[in-house]
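The sequence and structure are shown below.

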Amino acid sequence: MTAVPNREILDVPTEENEPAPHTGEFIDDETVVRSQWQLFWKRFFRHRMAVISAIVLLLIIFVCFAAPWLAPYPKNHQNLTLGAVGPSAQHWFGTDDLGRDQLTEMMYAGQISLKIGLAVALISTLMGTLFGALAGYFSEWTDQVLMRVTDLFLVVPAIAILAIAIKKFGNSATTIILILAGLGWMYIARVVRSQILSIKEKEYVEAARASGASHKRIITRHLIPNTIGPILVNATLAIAAAIITESTLSFLGFGVQPPTTSWGRMLADAEGYVGTAKAHLLYFPGLAILITVMCVNFIGDGLRDAFDPQSSR
Amino acid sequence: MSTTDDVPVDELQSVEPERRADVPVDAVLSVRNLRVEFPSDDGIVHAVDDLSFDVFENEVVGIVGESGSGKSVTSMAIMGLLPKRARISGEVFYRGRPISGLAENDIRKLRGSKIAMVFQDALTALDPVYKVGDQIAEAITVHDRHIDKSVLHERVVELLNLVGIPNPVQRAEQYPHEYSGGMRQRAMIAMSIANEPDVLIADEPTTALDVTIQAQVLEVMERIQERTNSAIVLITHDMGVVAGVADRVVVMYAGRAVEVGNVDQIFYEPHHPYTLGLLASLPRLDEDRSDVRLHRIKGQPPSLVHVPPGCAFHPRCEFARCPDPCSTEVPQLRALGDLDHIAACHFAEDVAKLRPDDLRTEAS
């Protein structure tokens, strides 16, 4: 045995008498010590489709919201003599009956569609998380009441309610966001509740209670952070669902009204042109919705795999 | 704690607001006639039955017993952490003040600051999404919201250092999964002593660890006790741990205390056949007795739904005289000589004459 450095014998266990492998030298070695988030991003980046989708989606969002600077023509700029023509060098996505550049129109319409998608996902996720967390944590009658309310919202025919509500409250983007969120939080509530039901039995929750933490603190500091994976995945999917529902509503005539446009609205306006020379008016908004929703879904897939340490991807 | 649910009204009224005569003045924690029952499909589970004990300042009380003897339920009952369906009666006193009837908000202020708990499995008792340092800080901020950030950080590092975590500054920035098992348990201890509690309840703190780490963790707990003068309630099924650390011992069987005494009394002069049996079943390293078989307590611990009548231990007891009195009359805890050494056995006088070796038989 080599000479032991002249070191006071401490009664504190040190690296020397700590038998476990995770000690001293690992700390400076960044390849070994990885935080949860580093692992998370590593797994996410391994999901190729999700990464491509994230890039495409960010690009779509950027292009739409930078429309005032990027759009080739001003909004609602009409060229009545031109009329509806197909894609060309001047008008990449063609023009409509009033000679409006479809690329420009789609960029502005995308703002509304994306805004609705993101806002609905945000609000319904917050609502759902709150309901689910309270129901799961307090159980018994709180759970019963909240879950029966959730069931009630689940069984009402959403489209009919939407149509009536929009008739009554008008169809501004804000109203549509609130109504869609009000009809979309139940799915997240159920997922969060089921997660919380299992997480609240974990010993660290017991330990938090034993250290004097209040219910509010346990829910916000322990339960919800440990549920963040499923919450984020479902929030992503809620974006896609909201964009599609908004399109459906517009198609049925309950969506945003001109001069405000959304992709769904544009699709609805071009409804009669299937199989005609003006079919491009249908294809581009349809494609935009398709690509956006697909991207969002792939990102959701990627998030799900990244949050699940057992996933093999 | 939801004691009010099932306690008859007259019993509630009998709880004097003033200090009770049978609660010692200098006890930090006193448990009186604690009874915990859980309704189940098969009947009522009598988890803890008429348990009373005191914990004084600066002492380690070991609670030993087999799995299912009510040790953990007792600790949860003290903390007021039992599920609502549990029926609880009896009282818990903190420094002579009854705390078992307190509202959730009031008892919460005691948890962690005055009475803290170390959990058995540190792997699951640490939240995986927080850095260890942040979790310890959390335990402090729960009771002191306005503590200065830098003071807090210093305190966390100091605590980690106190429990013997090497490189505490870097270690505070790591997640529980980057810790080894022994370090997690020590981090857990750091968390529970963060507010310098008067009573530390350690529920089998060494069960999930190998003997080397066990020794380290126990040593950490002893060192902390010297530093903070807190009382420790050590719940374990390991007689060896109790012998090494505890000052006084409560031996539990089927939810009841069968023998209470200081560690020498329990280990050298057991008065209860169960304690005697446990000791006789321990291998001894200090003498070469390869020709002697270890004792075996016959049978299984009883189901807590159907606790045997009379003395719960009588079906397994070598000294039982059935039916009378062992299977008909519940033996009360009584002292033979020293007043602080009590055992619940009808024939404690006879048992007291025996030593663990007397139960061992020659190997064939």
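**Domains of chain B**

The model is predicted. Chain B comprises two domains, domain 1 (3-246) and domain 2 (253-362). The centres of domain 1 and domain 2 of chain B, taken over C-alpha atoms, are 28 Å apart. Contact between the two involves 20 residues of domain 1 of chain B and 15 residues of domain 2 of chain B. On the side of domain 1 of chain B that touches domain 2 of chain B, β2 (43-56) and α10 (239-245) of chain B each contribute at least two residues. β2(B) gives the most to this side, with ten residues.

**Nonpolar cores**

The largest nonpolar core has 111 residues, and the members that touch the most others are B:Ala187, B:Ala190, B:Val233 and B:Val251. This core lies between domain 1 (3-246) and domain 2 (253-362) of chain B, because both give residues to it. Leaving aside residues up to four places away in sequence, B:Ala187 touches B:Ala122, B:Leu126, B:Val132, B:Ile165 and B:Tyr179. Another core, of 62 residues, lies apart from the largest one and includes A:Ile196, A:Ile219, A:Val233 and A:Ile243. In soluble globular proteins, nonpolar side chains tend to be buried together.

**Strand pairing in chain B**

Strand β7 (residues 199-203) of chain B is mostly covered, with five of its five residues buried. In a regular strand, side chains alternate between the two faces of the sheet. For β7(B), B:Val199, B:Ile201 and B:Asp203 are buried on one side, and B:Leu200 and B:Ala202 are buried on the other. β7(B) pairs in the parallel sense with β6(B) and also with β8(B). β7(B), helix α9 (residues 211-228) of chain B and β8(B) form a β-α-β unit that is right-handed.

A separate description applies to an open sheet of four strands in chain B, ordered β2-β1-β4-β5 with antiparallel pairing. Its edge strands, β2 and β5 (97-98) of chain B, each pair on one side only.

| Strand pair | Sense | Bridges |
|---|---|---|
| β6 (residues 115-118) and β7 of chain B | parallel | four bridges |
| β7 and β8 (residues 231-236) of chain B | parallel | five bridges |
| β1 (residues 27-40) and β2 of chain B | antiparallel | ten bridges |

B:Met117 stands opposite B:Ile201 in β7(B), and B:Val199 stands opposite B:Ala231 in β8(B). The bridge partner of B:Val36 is B:Val48, in β2(B).

Helix α10 (residues 203-210) of chain A is largely enclosed by the rest of the structure, because six of its eight residues are buried. These buried residues of α10(A) are A:Tyr204, A:Val205, A:Ala207, A:Ala208, A:Arg209 and A:Ala210. Which elements cover the buried residues of α10(A)? The cover includes α9 (185-199) and α11 (215-223) of chain A, together with α2 (71-79), β6 and α4 (122-125) of chain B. After α10(A) comes A:Gly212, which has a positive phi near 90°.

Key:
Residues numbered from 1 in each chain as written. Chains lettered and ligands numbered in written order. Predicted model: local features only at pLDDT ≥ 70, side-chain atom pairs only at ≥ 80, totals over all residues. Domains from an automatic or database assignment. Contact = placed C-beta atoms within 7 Å. Core = buried A, V, L, I, M, F, W, Y, C linked by C-beta atoms within 7 Å. Buried ≥ 20, exposed ≤ 12 C-beta atoms within 10 Å, placed from the backbone. Pairing = 2+ DSSP bridges. Right-handed = clockwise from strand over helix to strand, strands pointing away.
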